[in-house]
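Have the model open while you read.

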Amino acid sequence: MRNLFAMARRIIHQIVRDKRTLALLIIAPLLILTLVWYIFGAKASEPNLAIIHYKSSDLLPAFKSADYERMSPLQARQSLADKKIDAYVDLKTPVKVHLEGSDPSRNGLAMSKIQKSMQAVQQINVKKMKTELTGAIQTQQKTIQAQQQTLRQMTEVMQRYAPSALATIMQNAPKGEKPHAAAAPEKVKLDVTYLHGNDDLNTFDSFGPAMVGIFVFLFIFMIGGVSFLRERTTGTLDRLMASPIKNYQIIWGYMIGFGLFVIVQSFILTCYIVYVLNIYDIGHLLDVLIIVFILSFSALSLSILLSTFASNELQMFQFIPLVIVPQVFLSGLFPIDTLPGWVRALGNLMPIHYSTEALRNIMIRGTGFSGWWFDGLILVLFSIVFIAINILVIRASRPVVD
Amino acid sequence: MNVSYPVKGEHLHKRFKNQIVLDDVSLTLQEGEIYGLIGPSGSGKTTLVRILLGLEKADSGNVELFEQRPTLNAFRSLGYMAQSDALYNELSAYQNLDFFASIQGMGGKEKKQRILEVAKSVDLEKDLKKNVAQFSGGMKRRLSLAAALVHSPRLYLLDEPTVGLDPMIRRNIWTLFHYLKGKGATIIVTTHVMDEVAQCDRVGLLSEGKIIAQGAPRDLMAQYGVPSVEEIFIAIEKEGAKK
């Protein structure tokens with residue numbers, strides 16, 4: 001036990017005395033997250049749109065002048081080419097849309113705006129049909145009234161000359177039903193409800209949980225890996241091996257030393273994005289911290305393992321494109337449902353994938369323990385496997401009888 | 001008489017890929033002697049020390065520490081100093097010694113006292129609070145030696161302990177070795193410096209993975225009829241050429 005704490009204490013001393021590393025671990029993630037927050041959290045600007053051939057069109061009311069500039073066809077084409085507008089709508093029937101098209105996100109914005117206007121267009125069309133129908137019905141009603149007038153006169157005549165025949169006719173006549181009251185006009189606007197989140201949820205809110213995982217993993221991976229690598233290259237590991245310290249004490253000493261530090265780091269990081277950047281979070285802070293903590297354990301144990309295969313710092317950093325970058329892409333930052341099976345299987349082997357899932361459940365869906373225990377468990381399993389391999393690797397290089 | 005053997009290596013073989021590093025090396029140290037392991041670089045000195053320590057596995061052969069298979073417990077009585085300084089640069093000298101003393105099971109007042117004592121013996125007591133990163137090469141070397149001494153082991157394995165030190169400090173360190181020997185410690189030291197060889201009780205000459213000669217320096221010089229240990233290598237080579 002004493003050896004374990006001596007190891008842990010030494011690692012904490014090392015981190016605390018190395019101000020640069022300390023700054024990297026704490027300030028760098030905050031800085032990058034702030035940047036990401038600005039980039040993804042900003043509301044997208046309104047698309048610039050125009051209409052042409054509007055003068056003779058009765059669809060004009062659907063395209064408010066605040067949203068759509070009025071242009072001549074030539075003007076519109078020119079502005080589109082100059083990227084002054086994102087799209088223009090040709091109001092000649094059938095209605096046509098011309099998009100600038102080079103930026104998919106702008107395309108999407110323009111299209112969703114135009115589609116909203118098209119709903120108004122439909123309303124206009126419906127109204128037009130309604131007035132036409134009402135006209136037709138009114139003429140029919142007039143005809144019917146005229147016919148009823150004739151009938152009444154005929155009945156009077158019959159009552160006078162053949163009352164018995166009239167009675168028979170009245171008995172056999174089908175009973176006319178009263179016309180239904182006109183149905184209430186249907187609402188055209190959609191009612192939208194959210195099972196999770198709300199319509200203020202922006203890209204940063206859904207990226208946030210993945211980002212927390214990625215940064216914690218990345219920085220712990222770098223610093224943990226290099227720190228253990230140095231132990232190997234400077235020869236201090238040999239000194240440890242030539243001392244009575246046990247194999248598991250070396251590895252667990254690292255885990256505890258960095259672990260205490262990770263608690264501080266993940267606490268600051270989580271508080272920052274929740275309270276300063278105001279990320280959408282309806283879950284418990286403690287749940288978030290637990291997941292981040294377990295994740296960093298797997299990052300640390302994996303980095304110690306990989307440092308075995310590196311002979312200097314550069315080689316350690318060469319693992320980043322191999323280990324970190326794929327995790328970023330398969331973490332759930334981007335949808336992976338449509339990827340080929342083997343890529344998804346690869347994603348299932350990545351710790352950040354599980355932390356993202358768990359953190360989304362906690363922060364956005366607000367589920368408690370039931371929503372993250374499984375992902376948490378898998379992260380714990382990752383760590384246990386990596387730690388076990390680490391201990392075996394050290395044992396293999398130490399031919400001493402325990 | 002009960003003679004104990006702090007270190008014993010028997011028929012050690014070691015090869016890296018195609019290169020034979022150790023070829024049937026046997027070595028027994030007697031308690032309380034300073035044993036010098038000399039030989040040109042690449043002759044397998046460091047590998048031999050590492051195998052005796054249990055840091056590396058020999059392909060075949062046996063190693064015994066204190067007359068038993070090496071155990072973690074035996075390491076408590078063993079001080080090791082590698083060719084590299086093996087210090088934590090971010091920490092102060094005191095924190096370094098404190099850590100190495102702690103993992104050797106020391107604690108409390110005893111540890112504190114011992115750290116000061118050891119620092120004094122390598123002339124670093126005024127620099128204990130400094131960061132190791134600010135140390136000169138010689139200071140690091142001395143601190144590294146102090147870290148090997150801090151738990152007062154009975155057996156020292158020192159790989160080039162005096163390399164890069166100026167003559168004054170080197171002499172002080174050898175005085176320290178004799179003092180430790182006087183207290184009953186056994187020391188195995190690898191070296192290049194020939195005037196240090198003369199201070200060893202016994203030397204082993206290692207060449208191409210073999211111990212080609214072993215004995216007290218004076219006896220060896222007499223045996224080969226040469227005035228210095230250095231020339232024993234040349235004499236043996238000549239002998240080999242004659243055959």
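The largest pocket holds about 440 Å³ of space. Keep in mind that this is a predicted model. There's a cavity to look at too: searching the whole structure turns up one of 30 Å³ or more.

**The largest pocket**

- Count 24 residues around the lining of this pocket.
- To find its centre, look for Asp18(A), Val226(A), Ser227(A), Arg230(A) and Glu90(B), which lie nearest to it.
- Five helices of chain A each give two or more residues to the lining: H1 (2–17), H2 (19–41), H6 (203–233), H8 (247–276) and H10 (313–317).
- H6(A) is the top contributor to the pocket lining, with six residues.
- By residue type, the pocket lining splits into 11 nonpolar, seven charged and six polar.

**The largest cavity**

- About 80 Å³ of space sits in the largest cavity.
- From chain A, its lining takes Arg239(A), Ala242(A) and Ser243(A).
- From chain B, the cavity lining takes Leu78(B), Gly79(B), Tyr80(B), Phe100(B), Gln104(B), Ala147(B), Ala148(B) and His151(B).
- Two elements of chain B give two or more residues each to this lining, namely strand S5 (78–81) and helix H4 (137–149).
- S5(B) supplies the largest share of the cavity lining, at three residues.

Key
Residues numbered from 1 in each chain as written. Chains lettered and ligands numbered in written order. Predicted model: local features only at pLDDT ≥ 70, side-chain atom pairs only at ≥ 80, totals over all residues. Heavy atoms only, no water. 1 Å grid on protein atoms, 1.4 Å probe; cavity = no way out; pocket = protein on both sides within 12 Å on 5 of 7 lines; lining within 4 Å. Points joined across faces, edges and corners; volume = space filled by probe spheres on them. Helix = DSSP H or I, 4+ residues; strand = E, 2+ residues; numbered from the N terminus. Nonpolar A, V, L, I, M, F, W, Y, C, P; charged D, E, K, R; others polar.
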